[in-house]
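Student: Could we go through this model together? I'd like to know what stands behind the words we use for it.

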Amino acid sequence: MSLLSDRPSKRAPAPSRDALFDDAFMAKLEYLEIVAKRAFSGSARGERRSKKLGAGLEFADYRRYSPGDDFRHVDWNVYQRLGKLLLRLYEEEEDLTVTLLIDASASMAVGDRSKLDHALRLAAALAYVTLAGLDRVSIVSFSDTLGPRFLPVRGKAQIFKVFDFLRAIEPGGPTTMGRALQTFVHQSKRRGLAVVLSDLYAQDGFESGLNVLRYHKFEPLVLHLTDARELTPDLRGDLQLVDCETGLVREVTITPRLLDRYRRAHADWRGGVERFCTERHIGYFEAPVQTPFEDLVLGLFRAGGFLR
Amino acid sequence: MSAAEMLTLFGALAAAMVLLYILKLRRRRVEVPFAPLWARLVEERQSSALFRRLKRLFSLLIQLTILALIVLAMGDPRFSSGTGCGFEPPAAPPERHTLLLLDSSASMATFERGRTRTERAAARAHTLIDQLGDNPAHHLMLAAVDTDLRPLTLWTTDRKAAHTAVDAWLARGPRDAATDVPSALALASDILRDRPNPEAVLVTDTAFAQPPPDPAAAFPLAVESVGEPGDNVGIEALNVRPYLDDSLTYSLFYAVRNTAARPLRATLYLYANESGRSPADFISPGGGQGQIVASIALALPANGVVRDVMGDLKFEGSRLAARVAIDPAEATADPFPRDDTAFALVPERRRLRVQLVGAGNLFVQATLLVRENVDFEVVAPADYRGPDGYDVTIVDRADVDISKPGRYFLIDPAPSDAFRITGATPEPTVAKVDKDHPLARGLVLADLGIQSAARYERHTTDRVVASAADGTPLLFTRVEPDTQRTFVVLPFDLNQSLLPVHYAFPLLVVNALNWFSPQPGGLIPTHRAGRTLSLPASLPEGGITAVGPPEAGAIEARRLADRIALRADRIGIYELSTPDAKSPLLVAINLMDPDESAISPRGTYAAWTPPRPWTPAAPPWPGTVWRALLLIALGVSVVEWLTWHRSLTL
């Protein structure tokens, strides 16, 4: 029995894994690529301005010379005028690595797996657009631990490997984002855009995981998978609520008044997530399962934060 | 329901309820993605486990209490009266039985103030029914009364059904029958016997002789009178019969009564036809002049009767109707039309064919020629061809063949095989007459001056009507069944006697013709309406079909052994027939009842007093114990419902 209703669900059955990325899905990806090119023409194609300072062409700043620095970067004109050794710093241009962190905990698959399937489709779409932009894509699933990892690849031809990897993801286990992402950052040498596709139902709190990414120079972007049925569950009477991840049981008597309070609590929690991300300059984008994934991707492009 | 039954029922239901309660406590498991959100909410209002268990136990106790209250209510507990518990049983309404008798006799057709007495009686009956009130224990039965008593309803408390029965009775109208109050009251006594608070109310015009008080009557009789005094003229008797000379002339007997206290002049109109059954069939729309046979001016004495015989009446038709009407010059009207018309059936008169064989006898010829119902023919002996085609063959001193079957009137017959002469008696005188014989009816056979009478060989079937002193037959009959011959014999020569000049001779000829071909009875009786008649079964076997006047409605006619029972309620002429009948059997039905013709009310009776209105005592609130128990159960249920929706069980 699902969370969303104590009655049989009237929704269409979830598609099988093979049907996740069918021809129709591919056609939509092609369409997304065209739209992405048109929308972001003029932007650097295949290249991304890194926050890292290095051997780029674009001047960024000065800093004091330290022993061991490359003499080639000393600004001798400044030394002539001021008598100080200052190094010219340039923004390093490098290939962007987009890491898609997919929450594969049990909460993503509760009921009809709609959230996990939606996350997989979104991940596939983002991977396709990224690969089409000559960037690198890496994919990692997580729950309480880090799951299998798809190593960074480049080129559109890799998209089918991406599909195979996504199909192989199996949900299960509780969500402990802090520990899982801690493992991730330690195993990753390349920093870059870290797109977290999760419902953020983390037993240890979503904040620790996102902070880990921030602290390790990743650019987190949160795609928050939500389901409107979770906000207004069709429950009534005496029930035993079982947490699908922890097995924790709560006996409650559902009344209209309690449901109303639950709705308010859920809305507050969601508002807290968005507020946390905004305050910390973390890209936040809500992805309701009721919205088609292509609309979500386009909305993500328009909102910025994924490609710039 | 006894206490043991209630306990058993409560135990079973309580066990079922506890089982359901246990099942209800096993909550359904629902998987949620993130229970901490719920946990926070629940923890805000979480009570201690002990308190929750107590509340659940309290909820079960409340439901068991509700169940106990309902089971107790089903047992319908009662407190004995006088215990002061406020649940006094309502007082039973007083039981009463009222037999409402509606007069359906003929006099109820009297018109007064533009309405018939029946219409006034119906209106009074409706009022009376309404005055019975709403007492559910006041039973009512309606019955119609005339010559007998016919229930219109069973005992009922349905006032609407009683009104409907009155309307149906009014639609049928009164019958042309007399009122037999004693018989009706006897039947009413049987109906009301052993019933609590019986009474009978007769709605009538009281146009009947007051019955003597019956000390054995077990019920009070009240009379609601709807009649008013009035003058009336009616036919009390009517009959018609043919003249004794067998001609087509009739004499009419009638009797007309005047109930007014002053003399009245009236006219009696007579109508005749062959097929009429109702007054309208005889009396033409143009005032009855077209079919009038005769009219008789009457001078009716005050409170008296005119009885008379009208002779020398000639008409065509087998059915006769008489109608009496007060002369327009009189300052009174006849409000009761049903006795103004009467019917009579005319005995059938058939014309006889008679041949006189002989040289001619003027005495015989003169006698036959004046008979209107005789087709007379003189045949010479040489032209005689036998009796075929004639009802009677008169042979006057002619020697012709009389061997063929037939009816022969022989005057001084010639010797033959049938009549062998054994001698003669000179100058015989009539010494002995069989006055019982039809031939001798009205005859005075004296001074006949017979010169000689032949003596014939006697036959075993000879019957002497008149004989001389020595036994010589002077008039005799012979019936020969084997040869199918019938004879009337005068054994002397008419011309040699004084018989033809006596008035006895034409009577003798008429009697002879009647004896040969007897006509139907000289008088057909009429009958009264409203009675069951027992008529001779002169119709062939088979189902009897009865047709009467249009207003007769259903007619009861059935065969009982060798009789036919007929009951007719309306005046008129009724035709009874069977599939094989050649002609119908006619029956004339008349009112002709002096008591009904006297339409003024008679006697003094006690009027009916309506019962006091009965209204049920308002039951104390809530009336009965079980209602109170159910109300309590409902209240507790509301409390349980409210606590449920306030989530107190969380």
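Student: What makes strand 9 of chain A and strand 1 of chain B a pair?

Tutor: Five bridges join strand 9 of chain A to strand 1 (residues 28-32) of chain B, and the two run parallel. Two strands pair if DSSP finds at least two bridges between them, so these two qualify. Within this pairing, Q240(A) stands opposite R29(B). Keep in mind that this is a predicted model: local features need pLDDT of at least 70, side-chain atom pairs count only at pLDDT 80 or more, and totals for chains, interfaces and linings use all residues. Residues are numbered from 1 along each chain as its sequence is written, while chains are lettered from A and ligands numbered from 1 in the order in which they are written.

Student: How do you know which residues of chain A are in contact with chain B?

Tutor: By C-beta atoms placed from the backbone: two residues are in contact if these lie within 7 Å. On that basis, 30 residues of chain A are in contact with 19 residues of chain B. Helix 9 of chain A gives the most to the chain A side, with seven residues. Helices (H or I, at least four residues) and strands (E, at least two) are DSSP runs, numbered from the N terminus.

Student: Which strands are called edge strands in the open sheet of chain B?

Tutor: The order in this eight-stranded sheet is 17-16-18-19-25-24-23-21, with mixed pairing. Strand 17 (374-379) and strand 21 (430-433) of chain B are the edges, as each pairs on one side only. Further in, strand 23 (residues 463-468) and strand 24 (residues 473-480) of chain B are antiparallel over four bridges, and S467(B) has P473(B) as its bridge partner.

Student: What makes a set of residues a nonpolar core?

Tutor: Its members are buried Ala, Val, Leu, Ile, Met, Phe, Trp, Tyr and Cys residues joined through C-beta atoms within 7 Å. Buried means 20 or more other C-beta atoms within 10 Å of a residue's own; 12 or fewer is exposed, and in between is partly exposed. The largest core has 97 residues, and L100(B) is one of those touching the most other members. Strand 11 (residues 264-273) of chain B supplies the largest share, seven residues. Leaving out residues up to four places away in sequence, L100(B) touches A125(B), L128(B), L140(B), M141(B), L142(B) and V201(B).

Student: And how much of chain B counts as buried?

Tutor: Of its 650 residues, 36%.
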